[in-house]
Amino acid sequence: MSAFALRLVALLCMALDQLGLVLLPGVSLLRAVGRLALPLYCFLLCEGYRHTRSLRRYGLRLFLLALLSEVPFDLVHFDALFSPAGQNVVFTLCLSLLALCCYDALIVKKPLLCAASVLLCCMAAMLLRSDYAAYGVLLTLCFHVFADSPARRAAGFAALLSAYLLQLYAAGAPASFLLLSPCALLALLPISLYNGRPGVKRLRFAFYAAYPLGLLALYLIRHFRLIPPYWYL
């Protein structure tokens, strides 16, 4: 399975998750499938970091995507052009990329500074209230550090997910969401099939555009009632 195929799977999972969240909240299967999206995107971020020709341009593309996605994200989730209550997941991916850079630059000669830098990235994600926050940053780092050990990668993923679910439970998250969240571990299956090849490259910017455009489409459908009302049941 190429990186292109993984992106398709991640995009499909994300689209089904947003569909279930915004238009079909009663269909739990959509949210269950959607749990695979974040780990797949975290893994793809590691691959992008490892293979990009220009880390600066890669980071800039991610940051611009985060900015462009914020208004559609806030419209969908908070029905406002801007809300400080939460930021889109691409900001988490931006901070994850920064954490990877800090880790590789500092882990050998300055491990304490490395740990502090990663911690600052996690704290920044939490202060921004970006989706998945510190969990997303640490999951990306887990995939990077254990890239050559599928067993350790899986164990690290499971440990981080468990800690994240405990945090959500303490914060009073709905039991239905907590029960669906372990489905995220199923992302390890397509990841295990990854062959290290990029696949089709020409549609790269289409994948970037899909997130904000998809959010905007969902908002317009909901706001202008472009689907029958019984779909919301």
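Is Leu64 buried, partly exposed or exposed? Leu64 counts as partly exposed, with a relative accessibility of 39% to be read for Arg204 and 44% for Leu64 itself. The model in these views is predicted.

**View 1. A nonpolar patch that includes Leu64 of helix H4.**
Leu60, Phe63, Leu64 and Leu67 make a nonpolar surface patch of about 370 Å². Leu64 has its place in helix H4, which covers residues 55-78.

Four residues, Arg53, Arg57, Lys201 and Arg204, form a positive surface patch. Arg204 belongs to helix H11, which runs over residues 204-223. With 39% relative accessibility, Arg204 is classed as partly exposed.

**View 2. Asp17 and its two arginine partners.**
Side chains of opposite charge can pair when their charged atoms come close. The salt bridges in this model number three. In one of them, the side chains of Arg31 and Asp17 meet at 2.6 Å, N to O. This pair links distant parts of the chain, with Arg31 in helix H2 (residues 28-34) and Asp17 in helix H1 (residues 3-22), 14 residues apart. Arg31 and Asp17 are both buried. A salt bridge also joins Arg35 to Asp17, and here the closest N and O atoms are 2.5 Å apart. Arg35 sits in the loop between H2 and helix H3 (37-51) while Asp17 sits in helix H1, so this pair ties together parts that are 18 residues apart in sequence. Arg35 is buried, at a relative accessible area of 6%. Asp17 also counts as buried, at 8% relative accessibility.

Glu47 and Arg50 meet through their side chains in a salt bridge of 2.5 Å, N to O. Both residues lie in helix H3, and they are three residues apart, about one turn of the helix. Glu47 counts as buried at 11% relative accessibility, whereas Arg50 is partly exposed with a relative accessible area of 35%. Elsewhere, salt bridges that share partners join Asp17, Arg31 and Arg35 into one network.

**View 3. Helix H7 and its surroundings.**
Helix H7 spans residues 133-145 and has 13 residues. From its first C-alpha to its last, H7 reaches 19 Å, close to the 18 Å expected at 1.5 Å a residue. Eleven of the 13 residues are buried, so H7 is largely enclosed by the rest of the structure. The buried residues include Tyr135, Val137, Leu139, Leu141, Cys142, Phe143 and His144. Ala133, Ala134, Gly136 and Thr140 are also among them.

Most residues other than glycine have a negative phi. Ala133 has a positive phi, near 45°. Ala133 is found in helix H7 and is buried, with a relative accessible area of 15%. Asp79 likewise has a positive phi, near 55°. Asp79 is found in the loop between H4 and H5. At a relative accessible area of 52%, Asp79 is exposed.

**View 4. Ala85 in the loop between H4 and H5.**
Ala85 is found in the loop between helix H4 (55-78) and helix H5 (89-106). Its relative accessible area is 41%, and Ala85 is partly exposed. Ala85 and Asp74 are eleven residues apart in sequence, and their C-alpha atoms are 9.0 Å apart in space.

**View 5. Leu180 in helix H9, shown with Leu220.**
Helix H9 covers residues 175-180, and Leu180 lies in it. Leu180 counts as buried, at 18% relative accessibility. In sequence, Leu180 and Leu220 are 40 residues apart, and the distance between them in space is 27 Å, C-alpha to C-alpha.

Definitions and conventions. Residues numbered from 1 in each chain as written. Predicted model: local features only at pLDDT ≥ 70, side-chain atom pairs only at ≥ 80, totals over all residues. Heavy atoms only, no water. Patch = residues over 30% accessible without salt bridge, like charges linked within 9 Å, V, L, I, M, F, W, Y side chains within 5 Å. Areas by Shrake-Rupley, 256 points an atom, 1.4 Å probe, with all protein chains shown as cover. Lys, Arg positive; Asp, Glu negative; His and termini not counted. Charge placed at Lys NZ, Arg CZ, Asp CG, Glu CD. Helix = DSSP H or I, 4+ residues; strand = E, 2+ residues; numbered from the N terminus. Buried < 20%, exposed > 50% of the residue type's maximum accessible area, 1.4 Å probe, protein only. Expected span 1.5 Å × (residues − 1).
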